[in-house]
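This briefing goes through a protein model with its ligands, topic by topic. Please keep the sequence and the coordinates at hand while reading.

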Amino acid sequence: MKQSKTTLAERILFFTGQIRQIHEVRGKDGVGAKMDSMDLEKLKGITIQSATTYCNWKGSNINIIDTPGHVDFTIEVERALRVLDGAVLVLCSAGGVQSQSITVDRQMRRYEVPRIMFINKLDLAGADPWKVLNQARSKLRHHTAAVQLPIGLEKAFEGLIDLVKLKAYYFHGKYGEDVVVKEIPSDMEALVADKRRELIETVSEVDDILAEAFLADETISDADLEGAIRRATIARKFIPVFMGSAAKNTGVQPLMDGIVSYLPCPIEVSNYAHDLSKNENENEVELTGSPDGPLVALAFKLKVKPVGQLTYLRIYEGVIRKGDCIVNVISGKKIRVPRLVRMHSTEMHDIQEAYAGQIVAVFGVVCASGDTFTDGSVKYTMTSMAVPEPVMSLAVQPVSKDLAGNFSKALNRFQREDPTFHVGLDPESGQTIISGMGELHLDIYVERMRMEYKVAATVGKPSVNFRETVTKRVDFDYLHKKQSGGQGQYGRVIGYIEPLPAGSPTKFEFENMLIGQAIPSNFVPAIEKGFKEAANSGALIGHPVENIRVVLTDGAAHAVDSSELAFKLASIYAFRQCYPASKPVILEPVMLVELRVPAEFQGAVIGDLNKRKCVIVGNDQDEDDSVITAHGPLNNMFGYATALRSMTQGKGEFTMEYKEHSPVSNDTQTLLIKTYNGNKATE
Ligand SMILES: Nc1nc2c(ncn2[C@@H]2O[C@H](COP(=O)(O)OP(=O)(O)OP(=O)(O)O)[C@@H](O)[C@H]2O)c(=O)[nH]1
Ligand SMILES: [Mg+2]
């Protein structure tokens with residue numbers, strides 16, 4: 001069940017005057033929400049890319065990023081959390097803490113982002129904010145308490161009580177724009193007293209000032225309580241819980257008040273950079289967050305437009321002005337800022353200058369995402385976001401040759417914009433291979449290629465690159481002789497092939513150990529070439545043969561009929577003849593897999609890993625999670641993201657990286673050879 005982040009963002013933009021009209025995600029008017037601007041987002045009703053906007057609420061400037069919820073687009077969440085000073089974790093009051101909530105909450109923790117929680121959809125049947133709050137305590141280990149109480153629930157949901165100010169709020173007018181403040185209904189006074197006490201107690205546990213007043217039984221004013229909640233939230237020791245219904249326009253304005261009251265402003269957050277002019281161990285500098293210092297800005301996202309690159313910047317210190325020269329600390333390049341804008345989803349609003357704390361975009365500045373810009377007076381770099389490695393690959397091909405231009409244009413753009421999307425060529429088949437975070441991730445790009453670039457593409461099955469190798473020394477002695485009519489061919493090669501010792505830096509070695517003039521030395525390069533060519537395609541399944549040494553010890557030549565071609569052919573045939581006797585094996589890429597799953601799923605996950613022929617090399621407990629390390633064949637891991645997601649209700653995370661090529665099992669080898677020969681026979 002979706003949490004409605006985009007629906008909530010739409011209300012925020014409406015109440016802050018950034019949009020004049022509310023449009024629903026997949027609404028009947030066909031317009032769609034402001035923050036889901038991409039055609040495919042409107043079509044599917046899901047957020048694929050995060051959208052950036054800004055607003056002003058009661059005098060405070062707020063930059064907002066609406067992120068996708070789906071784990072395949074996790075990079076969008078990573079980069080948003082990298083640059084935001086505070087976050088609103090939106091939960092559904094019926095669905096509660098879901099798998100993606102856990103993942104996102106873990107990311108918020110990684111970037112040490114203070115957060116508040118919004119329990120949405122109180123109008124839904126089965127809405128139970130207290131159940132969700134308890135789940136946050138147990139599943140997310142949040143130290144948390146409600147700062148509001150609902151007046152009525154489900155169909156009868158009509159307003160909220162503010163536990164700090166002790167007032168009741170109702171939302172009148174067509175869009176709930178008219179907030180009516182009333183006294184607390186008398187039948188709710190006891191409950192309110194109870195919940196307020198719970199709030200004070202919970203905050204007291206992590207705030208000494210409030211604890212003192214609470215223990216001394218002093219009366220606690222609104223301002224005391226508000227101050228304590230703010231301190232505890234910014235210190236990431238407490239998460240205040242707000243409630244409402246975004247779609248019914250109930251509770252959005254108090255949430256905005258909460259964002260201003262409890263989340264930090266830029267100068268209250270510590271941000272660090274590395275000073276490249278200093279030693280590695282002592283180069284961390286704290287940024288002031290003030291406009292007075294030298295400019296330090298992080299490029300966290302970019303978009304490739306037909307007319308140039310749009311680069312999103314978070315400014316951490318200093319000021320940036322249109323026309324300024326800024327320096328890319330990574331490349332050392334000095335660039336003039338031709339255009340400075342504030343993004344309102346896809347709209348660009350031109351501005352002349354921007355300050356520390358703001359999120360803006362520059363147009364026409366080429367850089368990579370993760371680059372740091374300064375005014376040139378300092379050499380600071382900021383750490384970039386965590387970029388996970390792609391987990392699966394697919395072969396793609398445009399259906400017709402005419403589409404090749406647009407096909408590569410689209411892939412180039414996607415690859416530059418999304419660091420989790422990789423494009424490569426399969427050296428063996430020459431096909432374009434795309435890699436990414438999961439099936440949805442790759443599907444979306446194939447779909448975008450069709451919608452935005454009019455390129456229909458065929459998609460293959462995921463595959464891995466096998467290799468072959470020899471395990472035993474074998475001798476060869478091959479005479480290639482053709483002396484009937486015309487120019488003859490004559491060449492004889494004698495020697496052996498053997499496996500290279502483990503850990504050799506090269507994958508193919510050729511050694512000439514000829515003594516005397518059995519073969520004139522000018523033919524030796526052709527012999528080496530012949531063996532190399534033959535090793536390009538092993539006899540087992542046609543994949544390259546690696547870790548092999550070819551030694552030439554003897555041979556024979558003919559005064560007239562020997563030629564480079566004759567010796568090259570002799571070598572190719574010699575290799576093919578002796579290769580089967582060398583006990584060749586197929587090698588497959590083996591991955592280092594690291595999993596983190598809630599302990600309750602450990603048994604199921606390990607059982608499945610065994611079935612996939614993974615070897616478990618580590619299994620540790622980390623709080624409620626099991627951290628499992630395994631080595632497993634990539635070929636058995638396709639679809640694993642999906643499998644793990646369903647095995648663990650989406651709560652499992654894993655990373656996978658290439659470790660080495662190792663021999664496949666005998667059964668697998670037999671099967672692969674059978675398939676290869678079968679395919680060859682049908683060709
Ligand atoms: N009953 C009810 N429905 C709501 C409420 N708020 C939003 N919805 C509906 O729930 C759905 C939420 O969709 P989105 O706003 O796109 O959710 P999201 O969290 O942005 O989804 P992703 O970005 O794809 O992760 C929409 O169909 C909304 O109409 C609410 O308060 N009550
Ligand atoms: Mg959304």
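Predicted model: local features only at pLDDT ≥ 70, side-chain atom pairs only at ≥ 80, totals over all residues.

How many residues does helix H11 have, and how far does helix H11 reach from its first C-alpha to its last? Helix H11, which runs over residues 439-453, has 15 residues and reaches 20 Å between those two atoms, close to the 21 Å expected at 1.5 Å a residue.

**The chain as a whole**

- The protein chain holds 16 helices and 37 strands, and its C-alpha trace spans about 115 × 60 × 55 Å along the principal axes.
- Of the 683 residues in the protein chain, 52% count as buried, while the chain exposes about 31,300 Å², of which carbon and sulfur atoms supply 50%.
- Among the contacts in the protein chain with a separation of 6 or more, 69% are made by residues 24 or more positions apart.

**The magnesium ion (ligand 2)**

- The magnesium ion has as its protein donors Thr6, through OG1, and Thr47, also through OG1, and these lie 1.9 Å from the ion.
- This pair links distant parts of the chain, with Thr6 in helix H1 (residues 5-15) and Thr47 in the loop between helix H2 (39-44) and strand E1 (51-57), 41 residues apart.
- Both Thr6 and Thr47 are buried.

**The surroundings of ligand 1**

- Ligand 1 is surrounded by 18 residues, and the closest of them are Thr6, Thr7, Thr47, Asp123 and Ser245.
- Helix H1 gives the most to the shell around ligand 1, contributing three residues.
- Asn120 places a polar side-chain atom 3.4 Å from an oxygen atom of ligand 1, and a polar side-chain atom of Lys121 likewise lies 3.4 Å from an oxygen atom of ligand 1.
- In the case of Ala247, a backbone N or O atom lies 3.2 Å from an oxygen atom of ligand 1.
- The protein covers 84% of the 660 Å² of accessible area that ligand 1 has on its own.

**Buried residues in two loops**

- Ser93 sits in the loop between strand E3 (87-92) and helix H4 (99-110), and Ser93 counts as buried because its relative accessibility is 0%.
- A polar atom of the Ser93 side chain lies 2.8 Å from the backbone oxygen of Lys121.
- Not counting residues up to four places away in sequence, Ser93 touches Ile119, Asn120, Lys121, Leu122, Gly126, Ala127, Asp128, Lys131 and Val132.
- Thr67 is found in the loop between strand E2 (60-66) and helix H3 (74-83), and Thr67 is buried because its relative accessible area is 16%, which falls under the 20% limit for a buried residue.
- Leaving aside neighbours within four places in sequence, Thr67 is in contact with Lys5, Thr47, Ser50, Glu76, Val77 and Ala80.
- Thr67 and Leu81 are separated by 14 residues in sequence and by 9.4 Å in space, taken from C-alpha to C-alpha.

- In helix H11 the buried residues are His441, Leu442, Ile444, Tyr445, Val446, Arg448, Met449 and Tyr453.
- The cover over the buried residues of H11 includes H2, strand E24 (392-398), helix H10 (404-417), strand E26 (432-436) and strand E27 (457-459).
- Helix H12, residues 524-535, has twelve residues and reaches 17 Å from its first C-alpha to its last, close to the 16 Å expected at 1.5 Å a residue.
- The residues Val524, Ala526, Ile527, Gly530, Phe531, Ala534 and Ala535 are buried in H12, and the buried residues of H12 pack against several elements, among them strand E29 (474-482), strand E30 (489-499) and helix H13 (564-578).

**Positive phi angles**

- Most residues other than glycine have a negative phi.
- Lys454, which follows H11, has a positive phi near 55 degrees.
- Lys58 is not a glycine and yet has a positive phi of about 50 degrees; Lys58 is placed in the loop between E1 and E2 and counts as exposed because its relative accessibility is 62%.
- Leu166, also a residue other than glycine, has a positive phi near 55 degrees; the place of Leu166 is in the loop between strand E7 (159-162) and strand E8 (167-172), and Leu166 counts as partly exposed because its relative accessibility is 33%.

Terms used: Residues numbered from 1 in each chain as written. Chains lettered and ligands numbered in written order. Heavy atoms only, no water. Donors = N, O, S within 2.8 Å, 3.2 Å for Na, K, Ca; no water. Helix = DSSP H or I, 4+ residues; strand = E, 2+ residues; numbered from the N terminus. Buried < 20%, exposed > 50% of the residue type's maximum accessible area, 1.4 Å probe, protein only. Expected span 1.5 Å × (residues − 1). Contact = heavy atoms within 4.5 Å. Near = heavy atom within 4 Å. Polar contact = N/O pair within 3.5 Å; in protein donor to acceptor, adjacent residues only side chain to side chain. Areas by Shrake-Rupley, 256 points an atom, 1.4 Å probe, with all protein chains shown as cover.
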